[in-house]
Amino acid sequence: MPAAAPYRMPAGPRQPVRSGYPQANWQQPAWQQAAWAPRPPAKADNTWLIMLLIAIVVLIALVLAGSVLFLNGRTGTDAGGTTYPGTSTVETTTTTLGTTTTSAATTSSGGIGTTPTGTAALQGNPLYANPSTGLITQPCNAVGWPSDSTAGQRFFDSISPCLDRAWGAAMRAANLTYRAPTVLVPTGQLISSPCGMTNLATENVAAFYCPSNETLYMPPKGLQVDRYGNKPVIYLAVYAHEYGHHVQRVSGIITAQTRIERQNGRTSALGLESSRRLELQAQCFSGLFVKSVSDTGGQFTRADYRTAYEDQERGDRPGDPNRTHGTLAHSQGWWDTGYQSNRLARCNTWSATSNDVA
């Protein structure tokens, strides 16, 4: 089902969505993007080589099988096969940061479905197959706020179970396999991960997710705790965005998006648009989660909405030729789509028009 356009609130006392970039902060913006870490350059697609090797192996197997049948025929012995009901052998292809591996796996016919790929992982992902499904509502209480690395680890560890429950239930309802990510709260400005080196002093990054080790990196320096102070909902929303990237990882979305970049080029029009769809979907997932824990008996209430909403203009810098996150208005609008609806299907940015993910 095609997703609706980003939610626009009706006219009223609310302030309109701002679309401009504050010129006073043009050289050094006060905000920073939530992101997932830069990936290494994409490797060449070796699919043809893999297929050639498979063909050679199959040919050898056929020759050997023919020889066995010939020998059995000569000795008068019949060869028979055994079928085991309830199981099936499938080929699973896993693409991680430009590296593709193929392996055989045996799964129970009544077990969890395989991770979707290609179009089935993007426009038709099982996560938003049911238009009335949202994240479960639950109370959630944070411990303190990430004033430093130690406090930050305590803060994010305290809210991680809420995200695990919400997305675990959503994944299982969609017949997908769920696994929780890891969260790290590094100190300093230079952060090393399997996805590369991130320099908070020179890069416009608040936090990031590395799909290679399925880890969320939430550095206090990038989160600008000296600016936001004790406002837990700000950090909750950023964390929910990065966790959204993990959901995209385990549901096949990142793998499919990475393939688009490999085939078309990361900075091609299609490559950049696929990145914007990925980021704006994570924004929508963030809004979904913040809404699901608001006014549910826990710490977060509708009074936190304005604080979180006004912080969601985390899109691309004006004039940036490699636009990977979307406009400020779309970044805020897709977050609000998730918050106002709490419907997973409304976060299907892959079926939205190009104008709605510009």
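A disulfide is taken here as a pair of cysteine sulfur atoms within 2.5 Å. With that cut-off, a search of the whole structure, which is a predicted model, turns up three disulfides. Counting the bonded cysteines along the protein chain, the pairing runs 1-2, 3-4, 5-6.

Start with Cys-140 and Cys-162, whose sulfurs sit 2.2 Å apart. This pair links distant parts of the chain: Cys-140 is in the loop between strand S3 (99–108) and helix H2 (149–173), while Cys-162 is in helix H2 itself, 22 residues apart. The torsion about the S-S bond of Cys-140 and Cys-162 comes out at about 100 degrees, so this disulfide is right-handed.

Next comes the bond between Cys-195 and Cys-210, with an S to S distance of 2.1 Å. Cys-195 belongs to the loop between strand S5 (190–193) and strand S6 (196–199), and Cys-210 to strand S7 (residues 205–210), so the bond ties together parts that are 15 residues apart in sequence. The S-S torsion of Cys-195 and Cys-210 is about 90 degrees, which means that this disulfide is right-handed. Cys-195 shows 4% relative accessibility and so counts as buried; Cys-210, with a relative accessible area of 0%, is also buried.

That leaves Cys-284 and Cys-347, joined with their sulfurs 2.0 Å apart. Here the parts tied together are 63 residues apart in sequence, because Cys-284 lies in helix H7 (residues 269–292) and Cys-347 in the segment after helix H9 (328–341). What is the handedness of the disulfide between Cys-284 and Cys-347? The torsion about its S-S bond is about -75 degrees, so the disulfide is left-handed. Both cysteines, Cys-284 and Cys-347, are buried.

Now to the aromatic rings. A pair of such rings is described by how far apart the centres are and by the angle of the planes. The count for this model comes to ten aromatic pairs. One of them is Tyr-305 with Trp-335, a stacked pair at 6.2 Å centre to centre and 25 degrees between the planes. Tyr-305 lies in helix H8 (residues 305–309) and Trp-335 in helix H9, so this pair ties together parts that are 30 residues apart in sequence. Buried means under 20% relative accessible area, so Tyr-305, at 12%, is buried. Trp-335 counts as buried too, at 0% relative accessibility. Elsewhere on the list of aromatic features, Phe-155, Phe-156, Tyr-235, Tyr-239 and Tyr-243 form one aromatic cluster.

Finally, a word on confidence. The protein chain has an average pLDDT of 78, and 69% of the residues score at least 70. Over residues 1–31 the pLDDT stays under 50, and the model has 67 contacts beyond four places in sequence for that stretch. Where pLDDT is low, the predicted coordinates should not be read in detail.

Note on methods. Residues are numbered from 1 along each chain as its sequence is written. This is a predicted model: local features need pLDDT of at least 70, side-chain atom pairs count only at pLDDT 80 or more; totals for chains, interfaces and linings use all residues. Side-chain values use heavy atoms; hydrogens and water are left out. Helices (H or I, at least four residues) and strands (E, at least two) are DSSP runs, numbered from the N terminus. Buried means under 20% relative accessible area, exposed over 50%, partly exposed in between (1.4 Å probe, protein chains only). Rings of Phe, Tyr and Trp (its six-membered ring) pair if their centres lie within 6.5 Å; planes under 30 degrees apart count as stacked, over 60 as edge-to-face and the rest as tilted. pLDDT is the predictor's confidence in each residue, from 0 to 100. Contact means heavy atoms within 4.5 Å.
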